[in-house]
Amino acid sequence: MTIRPLHDRVVVRRNEEEKTTAGGIVLPGSAAEKPNRGEVIAVGPGRVLNNGEIQAPSVKVGDKVLFGQYAGSNVVKLDGEELMIMQESEIFAVLEG
């Protein structure tokens with residue numbers, strides 16, 4: 001199944017967080033923070049401006065992105081995988097390199 005977000009929304013797959021600290025301590029799932037990095041899976045056509053034009057999004061499918069702790073409060077399950085749907089403005093940066 002595919003997903004096509006509308007307007008300026010972006011679908012992001014959250015990266016898995018490491019379960020062990022740098023000191024070798026294993027963290028249970030309840031103690032580990034949710035990661036704030038992910039990969040863009042789908043991008044909407046863009047934001048509609050007041051004059052009716054569409055502003056193209058700054059991110060594209062495959063981009064590795066950073067987002068805030070409370071970004072993407074809309075989580076959906078698609079084919080057994082949890083995906084986050086957020087507005088493009090909730091993305092802080094694209095990771096390059």
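These are my notebook entries on a predicted model of one chain.

**Ground rules.** I number residues from 1 along each chain as its sequence is written, and I leave hydrogens and water out, using heavy atoms for side-chain values. Since this is a predicted model, I ask for pLDDT of at least 70 for local features and 80 or more for side-chain atom pairs, while totals for chains, interfaces and linings use all residues.

**Entry 1, the whole chain.** I looked up the secondary structure and found eight strands and zero helices. The order along the sequence is β-β-β-β-β-β-β-β. Here strands (E, at least two residues) and helices (H or I, at least four) are DSSP runs, numbered from the N terminus.

I then checked burial: 26% of the 97 residues count as buried. Buried means under 20% relative accessible area, exposed over 50%, and partly exposed in between, with a 1.4 Å probe and protein chains only. The accessible surface is about 7,000 Å², and carbon and sulfur atoms hold 49% of that; the areas come from the Shrake-Rupley method with a 1.4 Å probe, and for residues only the protein chains shown count as cover.

Next came contacts (heavy atoms within 4.5 Å). Taking those between residues at least 6 apart in sequence, I see that 60% join residues at least 24 apart.

How many bridges join strand E6 to strand E7? I count five, with E6 (residues 74–78) and E7 (residues 81–87) running antiparallel. Two strands pair if DSSP finds at least two bridges between them. Valine 76 has leucine 83 in E7 as its bridge partner. Two residues lie between the strands of this hairpin, and aspartate 79 in the turn shows a positive phi of about 55°.

I followed the chain back to methionine 1, in the segment before strand E1 (9–14). Methionine 1 counts as exposed because its relative accessibility is 74%. Beyond its neighbours within four places in sequence, methionine 1 touches Leu78 and Asp79. The C-alpha atoms of methionine 1 and leucine 78 are 7.6 Å apart, though 77 residues separate them along the chain.

Is aspartate 63 buried or exposed? Aspartate 63 is buried, because its relative accessible area is 11%. I place aspartate 63 in the loop between strand E4 (54–55) and strand E5 (64–67). A polar atom of the aspartate 63 side chain lies 2.9 Å from the backbone nitrogen of lysine 60. Outside four places in sequence, the contacts of aspartate 63 are Gly38, Glu39, Val40, Ser58 and Val94.

Definitions and conventions: Polar contact = N/O pair within 3.5 Å; in protein donor to acceptor, adjacent residues only side chain to side chain.
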